Amino acid sequence: MQKKQGIMAGFFKIFMWIYSLATFAILLYLVYNSLRPRNDFLSNTFGKPESLGVQSYARLITQDHFFRYFFNSVIILTVSLVLLILISSITAYGIARFTFPLKRLVRVFFLIGMMFPVQLSVVPLFLMMNNVKLVDNLLSVILISSAGISLPVFMLTNFFEKLPKEIYESAIMDGAGEWTTFFRIMFPIASPVVMSVCITTSVGIWNQFFLPLIFLKSDSNKTVPLLVTKYTGNLLRNVDMSMAVSVLSTIPILILFIIFSNRIIEGVTEGAVKG
Amino acid sequence: MRKFFNKNPYLMFLLPGIIVYSVFVVYPILSAGYISFFQWNGYGPKEYVGLQNYKDLFTNSNLMSQLGNALKNCLTIFFLSVIIMMPIQIIMAYTIHSKARGSSFFQVAVFSPQFISTPVIVFIFTLLFDGSFGIVNKVLRETGFGNLARPWMGIPEYGIYVIWFMMTWAGMGVGMVYFIGAMKMISGEMIESAYVDGAGFWKRLWYIVIPQIKGTIFNLILTSYIISMTIFDFNYILGGSGGGISGSVDTLALMFYRTAFGENSPLGGKVSVNAMGMGTTIACVLFLMVFVVAICQIVLMFRTKKED
């Protein structure tokens, strides 16, 4: 059936095309200019490029150790994510599966973290990390990131509560212990929710700026977002490097996103609806 | 030990979470509240001063004007987000929901900036809005509006709007996807019958869609308040810890950072005798402003859960 949607709908469709195409055009513009030498870009921004080449990338990777920063980011992300998922799913399962005194209070307790801005706790956290000599160590950022379990616990608790009791009972009847039941049966069942928790938290951990800024001091421990600010802090000298590092830290992730976009957007929506 | 856990299996599952969460989330919060009652520079001896830090913050004219200015900037971002960004998100979500051609492309394009880290977003905006090599000025000059060209990123009066614009581009997709999720819950029949009745675009949106996604709208308004009050990254990258020229992009979180860790670098530069005391005091005031709204949100979360 052909629906008549009206002029306004048509207008907004055009607006969406412009908005979407502009977003991609901006990214392409970034990629294109990252291939130009610095002086050519600065003095002749909109003219015909003198030459195109990957010299900025070469310098970024060989001299400026891009991959060291990249691996720091990767280590922080993977370890934090594994810990966070493990802790939050075990906790959520514990809350949802068993009946125990003060259950409501425990649920609220785990939500507290959501209403406190990380800035509030950063002074005590810094003093704590300083005491155990973890300042300027990836572990400090990893530990703090993986303790942000408020929202994951909430979402996973809701999920586990809705599971029929029979699944658990038949597993126990077959002689499986509590942990076996959890890891072999319950955790796999929760994988869609775990997926959407992974998506929402990993973006945050990967792009986080505040915690690494405060806890990671030496260049060998810094993450990609910090490397970006090192260049963008002095654009006249480093505009070429800024573009190269922006492209290298952004485009691969965007390509991954575009490939898996259906699943990712679905995951975020699920999280929004269920959480 | 073993017997105890066998008797109370729930503790076995709860303990790891409770320990990690208490050490890294709950303890620091309580500790920050505690430190705010002391005069302390972070390493020397602490001196108990009671509520003096709070009194100072609200009576010292310098601190007060910083606080007022930062609060004004945070609220500006909040209001712009609710008044401009949210309606755009709803309309975008509705356009995608009504299966316009190119919907999945729109969804990917609008959501993409979510994956770009803040420093890169600030840099991309510099490429667009810079005074000398920015595209916007180039376009203005080419189209005969050359007198409007200016160094957009460098003018203090524009600072907070530039920040808002960057945040909006980066965050547009998340809210939109949430709205799409909410719209999927509306029964197709309702929209169908509205078409039959010949309701126009605005009528369908206002009388049928909006009432059905009220909960999501309310929830996102609260979220956007919390984000606006605690915003740090964009402002720090654009304006440094000083909050830009004459505090044009200053925020509460930046003021806290500057007070606690000094103006120049984290734990370097000039740190006052009461850096940690006053820093945590500002953090606690910030928290109180977020707290009230956060409580509403948590109540809302539990309520929507019950309705399932």
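Trainee: How many residues does helix 8 of chain A have, and what does it reach from its first C-alpha to its last?
Mentor: This is a predicted model. In it, helix 8 of chain A covers residues 150-162, which is 13 residues. Its span is 19 Å, close to the 18 Å expected at 1.5 Å a residue.

Trainee: Which residues of that helix are buried?
Mentor: In helix 8 of chain A, the buried residues are A:Ser150, A:Pro152, A:Val153, A:Phe154, A:Met155, A:Leu156, A:Thr157, A:Phe159 and A:Phe160.

Trainee: What does A:Leu156 touch, leaving out residues up to four places away in sequence?
Mentor: A:Leu156 touches A:Ser88, A:Ser89, A:Ala92, A:Ala190, A:Val193 and A:Val197. A:Leu156 is also among the residues with the most contacts inside the largest nonpolar core, together with A:Val245, B:Ile163, B:Met166, B:Phe256 and B:Leu286.

Trainee: How many residues does that core have, and where does its largest share come from?
Mentor: The largest nonpolar core has 151 residues. Its largest share, 15 residues, comes from helix 8 of chain B, residues 159-184.

Trainee: Turning to the interface, how many residues of each chain are in contact?
Mentor: There are 75 residues of chain B in contact with 75 residues of chain A. On the chain B side, helix 2 (residues 9-35) gives the largest share, with 17 residues. By class, that side has 56 nonpolar, 16 polar and three charged residues.

Trainee: At what angle do helix 6 of chain A and helix 2 of chain B pack?
Mentor: The angle is about 90°, and the axes are 8 Å apart. Angles of 65 to 115 degrees count as roughly perpendicular, so helix 6 of chain A and helix 2 of chain B are roughly perpendicular to each other. Helix 6 of chain A contributes A:Leu120, A:Ser121, A:Val123, A:Pro124 and A:Leu125 to the contact, and helix 2 of chain B contributes B:Pro28, B:Ile29, B:Ser31, B:Ala32 and B:Ile35. These residues divide into eight nonpolar, two polar and no charged.

Trainee: Now A:Phe71: where is its place?
Mentor: A:Phe71 lies in helix 4 of chain A, residues 66-97. With 14 other C-beta atoms within 10 Å, A:Phe71 is partly exposed. A:Phe71 and A:Asn221 are 150 residues apart in sequence but 9.5 Å apart in space, C-alpha to C-alpha.

Trainee: Finally, how many helices and strands are there in chain B?
Mentor: Chain B has 14 helices and two strands. Of its 308 residues, 40% count as buried.

Definitions and conventions:
Residues are numbered from 1 along each chain as its sequence is written. Chains are lettered from A and ligands numbered from 1 in the order in which they are written. This is a predicted model: local features need pLDDT of at least 70, side-chain atom pairs count only at pLDDT 80 or more; totals for chains, interfaces and linings use all residues. Two residues are in contact if their C-beta atoms, placed from the backbone, lie within 7 Å. Helices (H or I, at least four residues) and strands (E, at least two) are DSSP runs, numbered from the N terminus. Ala, Val, Leu, Ile, Met, Phe, Trp, Tyr, Cys and Pro count as nonpolar, Asp, Glu, Lys and Arg as charged, and the others, Gly among them, as polar. The expected span of a helix is 1.5 Å times one less than its number of residues. A residue is buried if 20 or more other C-beta atoms lie within 10 Å of its own, exposed if 12 or fewer, and partly exposed in between; C-beta atoms are placed from the backbone. Axes are lines fitted to C-alpha atoms, for helices over the stretch in contact, and angles run from 0 to 180 degrees between N-to-C directions. Angles under 35 degrees count as roughly parallel, over 145 as roughly antiparallel, 65 to 115 as roughly perpendicular and the rest as oblique. A nonpolar core is a set of buried Ala, Val, Leu, Ile, Met, Phe, Trp, Tyr and Cys residues joined through C-beta atoms within 7 Å.
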